[in-house]
Protein chains: 4
Amino acid sequence: MTHSPRRRGDQSEAEPGEPATSPRRDQIIRAAYFTIAEEGFEGLRTRDVAGKVGINSATLHYYFRDKEALVQGVVAFMMKELSRPRVAVGPTASALDRLRAEFSDIKARIRDAPEQLIVLTELTLRAFRDPKIAQLLRELDQGWHAHLVSILEAGIAEKLFRTDIDAGATASALMAQLRGLVYQGGIGPKKRQALIDQIALQTERWVRK
Amino acid sequence: MTHSPRRRGDQSEAEPGEPATSPRRDQIIRAAYFTIAEEGFEGLRTRDVAGKVGINSATLHYYFRDKEALVQGVVAFMMKELSRPRVAVGPTASALDRLRAEFSDIKARIRDAPEQLIVLTELTLRAFRDPKIAQLLRELDQGWHAHLVSILEAGIAEKLFRTDIDAGATASALMAQLRGLVYQGGIGPKKRQALIDQIALQTERWVRK
Amino acid sequence: MTHSPRRRGDQSEAEPGEPATSPRRDQIIRAAYFTIAEEGFEGLRTRDVAGKVGINSATLHYYFRDKEALVQGVVAFMMKELSRPRVAVGPTASALDRLRAEFSDIKARIRDAPEQLIVLTELTLRAFRDPKIAQLLRELDQGWHAHLVSILEAGIAEKLFRTDIDAGATASALMAQLRGLVYQGGIGPKKRQALIDQIALQTERWVRK
Amino acid sequence: MTHSPRRRGDQSEAEPGEPATSPRRDQIIRAAYFTIAEEGFEGLRTRDVAGKVGINSATLHYYFRDKEALVQGVVAFMMKELSRPRVAVGPTASALDRLRAEFSDIKARIRDAPEQLIVLTELTLRAFRDPKIAQLLRELDQGWHAHLVSILEAGIAEKLFRTDIDAGATASALMAQLRGLVYQGGIGPKKRQALIDQIALQTERWVRK
DNA sequence: GATGAATGAGCATTCATTCAT
DNA sequence: AATGAATGAATGCTCATTCAT
C-alpha cells in the first residue's frame with residue numbers, strides 16, 4: 001500500500017493496522033486540552049499548542065486538518081477521561097460502597113484533575129451552538145444516570161436501601177446537585193470537596209434504611 | 001475639539017452632570033448582552049454589536065474605552081438583571097409562598113429570559129480566569145444564599161417548617177440542585193421546568209412539617 | 001441613513017448617491033491590474049498590491065471583501081479599458097478610415113498599453129475554469145465582431161468594398177488573425193506591429209474593390 | 001547511504017548508465033502536465049501530482065530537485081508532443097495533401113488532446129516572464145513556420161499553388177489565424193473545428209491556382 | 001456625537017522542501 | 001527508492017482600536 005494522502009486526523013475510525021493515533025498526536029491533544037482548561041476555547045491558538053509540544057505549527061496541521069479537527073480530538077479525549085472511573089471498586093463491593101465511590105470519584109477529579117471541570121463547562125457552553133457536542137454530552141449524562149440507577153437498584157435489591165425510593169428520580173436529583181456544585185464558580189477546591197461530603201451525607205441518609 | 005477628552009465609559013466615577021449612563025450606552029450593552037447569549041464571548045465582535053445598534057464601531061468606542069469596558073458593562077447589567085426578582089411577593093406573604101416564589105422566579109427566567117442562563121454560564125467560565133468576575137459571582141451567590149436562609153428561618157419561626165433543618169445547609173443544597181439543573185446542557189426548556197417542579201416538590205416535603 | 005456595515009466592494013451595483021467607487025478603490029484596482037500584468041494571477045499578492053498603493057493590506061480588505069472581489073474589480077476595469085477605443089475617428093469617417101482605425105487602435109494598445117495583452121491572456125486562461133470570465137470574454141468578442149461587421153457593411157454600402165465579401169466571416173477571420181498575433185509569445189512589440197501592418201495590407205486588398 | 005547524491009532530475013547531463021529518464025519520472029511529468037491543463041500553473045501542487053502518481057511528495061523530490069525542475073520536464077514533454085505530428089502523410093503526398101494534413105493535425109489535437117491548447121497558453125503566459133520558455137516557444141514557432149513555408153514552396157514548385165504568393169507571409173498569416181482560433185476563449189471544440197474548416201477553405205482558395 | 005478610513009498585531013492554513021530512516 | 005515527519009516562509013484574512021473631520 002502506498003502512502004495515503006489523507007492526513008492522520010481525518011478519519012474518526014482508524015483503518016486496521018493504520019491507527020489514527022500516534023504519540024505525537026496524543027501529545028498535541030493533551031497540550032490543547034490543557035490550553036483550553038487554562039485559557040478557554042477563546043484562548044486556544046494552534047501556534048501556542050504547537051509551541052507547548054515543541055513543534056512547528058505546520059507540524060500540528062500535519063496531524064490535524066484544521067483547528068476544528070483538533071478540537072474534536074480534544075473532545076473525544078475528554079469524553080474518554082470523563083468515562084474512565086478514577087476510583088476503583090472491587091466486583092464484590094456493596095451498593096453502598098459503590099455509591100460512596102461515586103462521591104470519591106468526583107472528589108478525586110476535583111483534586112487531581114480540576115481542569116476536567118473547566119473543560120466540561122466549556123463544552124457545555126459549546127453545546128448551545130454545536131449539536132454534535134450537545135449530543136455527546138447527552139450521551140455522557142445518560143451513561144452517568146444509568147450507572148447511578150444501577151447502583152441504587154442494586155442497593156434496593158441488597159436490602160441496604162429503602163424500597164420506596166424512585167431510583168430514576170433520585171439519580172437525577174443527585175446528578176443535578178453534583179453538577180450544581182461543580183459548576184459553582186468562585187469557590188476553591190477545598191470548599192467544593194466539603195460540599196460534596198455534605199451532599200454525600202444527605203444522600204446516604206435519604207437512601208439508607 | 002470641544003468634547004471632553006475623558007470618555008463616558010471610563011471606570012472612574014462619572015462627574016456630576018456627566019452620567020456614566022445614556023440611552024445609547026444601554027442600547028449597546030443590551031446588544032452585546034444578547035450577542036454573547038447567542039454567540040458566546042468567543043463570538044463577540046465590537047463591529048457586530050455596533051451594527052446591531054445601527055452605529056459605527058468607532059462610535060461604540062466613544063462610549064466604551066475598549067472591548068473590556070464593554071464586557072464590564074454587560075456584566076454589571078447582567079448582575080442587576082439577576083438580582084431583580086421576576087416574581088413579586090407581597091410583604092405579608094408566608095415563608096412557604098416566598099419559597100414557592102423562588103421556584104417560580106427561576107421558571108420565569110427559563111421561560112422569559114433564557115439568555116440569562118447562557119450568559120451566566122459564560123461568566124462562570126470567565127470567573128476561572130478573571131478574579132473580578134469571580135468576586136461578583138461570589139457576591140451574587142452569597143446574596144442568594146442569605147435570601148434563601150432568611151426564607152427558611154422565617155418558615156421555622158412561623159412554625160411552617162421543621163425546626164430541625166439546617167437552614168444554611170438546606171439553602172446550599174437547594175442552590176446546588178437548581179444550579180445543576182440550569183447548567184445541564186442538552187435539554188429543552190420544558191424538561192427543565194418539569195425538573196424544577198420536581199425539586200420544588202421534594203424541597204417542600206423536606207422542609208414542611 | 002446610518003452607516004451600512006457592508007463593505008464598499010460588495011455590491012456590483014452601487015446605490016444611487018453611494019458610489020461603489022472611490023479614488024482609493026481605483027488606485028488599488030490599478031495596482032492589482034499592473035501586478036497581474038507583471039507577475040500573472042499566480043503572482044498576485046494582496047500584500048504586494050497594498051504595498052504598491054502605500055497602504056496596509058488590511059486597508060485593502062476594507063475596500064474589497066476578499067481577493068476574489070479584487071480580481072473581479074480588475075476584470076471589470078479591464079473590460080472597460082478594452083471597450084474604450086484608443087484611436088478616435090470622426091463621425092464622418094469613411095468605412096475604410098474606420099477599418100484602418102481598427103488596426104491603429106491595436107497598434108496603439110501594443111505601444112501604449114502592452115499590459116492589456118498580457119492581462120487579456122491571463123483572463124483567457126482563467127476563462128477555462130471560471131465561467132463568469134468566460135461569459136465576459138464572449139460578450140467582449142461579440143461586441144468586437146459586431147463592430148467589425150458594421151464597418152464592413154458600411155463599406156459595402158458606401159461602394160468602397162467588394163459586394164461579394166461575407167461580412168460575418170471576414171470579421172471572424174480578421175479577429176482570429178489579430179488575436180493570433182496578439183497571443184504570439186516570444187516576439188517584441190516592433191515585430192508585432194509590423195505583422196499588424198501586414199495583416200492590414202492584406203485585409204485592405206481583400207475587401208477593397 | 002548508498003545512492004548517488006546527485007539527483008536524476010538534475011540539469012547537468014546524466015552520466016552514462018544513469019539515465020535522466022525513467023518510467024516513474026515520465027509518469028510524474030504526465031501527471032503534472034494534466035494537472036496544469038486542469039488547474040493551471042497556479043493550481044500545480046507537488047503533493048497533488050505525487051498523489052496522482054501514488055507516491056509520496058518526498059519521492060517526487062527524489063526525481064526532481066525542485067518544482068522548477070518538474071515544470072521544465074513538463075515543458076520539454078510538451079514541446080515534444082507539439083512537434084510530433086498527429087496526422088501522418090506519406091512521403092509521396094502532394095503539397096496540397098500536406099497542407100490539408102496540417103489542418104487535420106490541428107483538428108485532431110483539438111479533438112484528442114485539447115489539454116495541449118491550454119498548456120500551450122499557460123506556457124505563452126510564462127514566456128512573458130521566463131526567457132527560457134520564450135526562447136523555446138520562438139523555436140517552436142520557427143519550426144512551424146519553416147514547415148509551412150516548405151509545403152507552400154513545394155506546392156509552387158509542383159505548380160499546384162499560385163506562383164505569386166509570398167510563402168513566408170502566407171505562412172505567417174496562416175499561423176496567426178490558427179493561433180487566434182486556438183486562443184479564442186469561450187467556444188466549444190465543435191465550433192472551433194468548424195472555424196478551422198473555414199480557414200482551410202479560405203486558404204486553399206487563396207493559394208491554389 | 002458620529003463616522004470613514006486606516007492600521008498593527010495576530011491567526012489559521014498552505015506548500016515546497018528537507019532529512020533520517 | 002521511498003517515505004513519514006517536520007519546518008520556514010509565506011498568504012489571505014480578521015479585529016480591536018485610532019484619528020482627523
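Begin by selecting chain C and chain D of this predicted model and superposing the one on the other: a rotation of 179° with 0.0 Å of shift along its axis brings chain C onto chain D, with an RMSD of 0.1 Å. The two copies are therefore related as by a two-fold rotation axis. To find where that axis runs, centre the view on C:G180, which among the residues of chain C comes closest to the rotation axis, its C-alpha lying at 1.7 Å. Both copies use the same surface, since 97% of the contact residues of chain C recur in chain D.

Next, keep both chains on screen and colour the contact between them, in which 32 residues of chain C meet 31 residues of chain D. On the chain C side, select α6 (115-127), α7 (131-157), α8 (167-182) and α9 (189-207), each of which supplies at least two residues of the side that touches chain D. The largest share of that side of chain C, ten residues, comes from α8(C). Colouring this side of chain C by residue class separates 16 nonpolar, eleven polar and five charged residues.

The crossing in which α8(D) passes α9(D) is right-handed. Show side chains for D:T170, D:L174, D:Q177, D:L178 and D:L181 of α8(D), and then for D:R192, D:L195, D:I196, D:I199, D:T203 and D:V207 of α9(D), which they meet. Sorted by class, this contact of α8(D) with α9(D) holds seven nonpolar, three polar and one charged residues.

Finally, move to chain A and chain B, where the contact takes 33 residues from chain A and 31 residues from chain B. On the side of chain B that touches chain A, the elements to select are α6 (115-127), α7 (131-157), α8 (167-183) and α9 (189-207) of chain B, which give two or more residues each. Of these, α8(B) gives the most to the side that touches chain A, with eleven residues. Coloured by class, the side of chain B that touches chain A shows 15 nonpolar, eleven polar and five charged residues.

Conventions: Residues are numbered from 1 along each chain as its sequence is written. Chains are lettered from A and ligands numbered from 1 in the order in which they are written. This is a predicted model: local features need pLDDT of at least 70, side-chain atom pairs count only at pLDDT 80 or more; totals for chains, interfaces and linings use all residues. Two residues are in contact if their C-beta atoms, placed from the backbone, lie within 7 Å. Helices (H or I, at least four residues) and strands (E, at least two) are DSSP runs, numbered from the N terminus. Ala, Val, Leu, Ile, Met, Phe, Trp, Tyr, Cys and Pro count as nonpolar, Asp, Glu, Lys and Arg as charged, and the others, Gly among them, as polar. Copies are superposed by least squares on the C-alpha atoms of residues with pLDDT of at least 70 in both. A crossing is left-handed if the near helix is turned anticlockwise from the far one by less than a right angle, and right-handed if clockwise.
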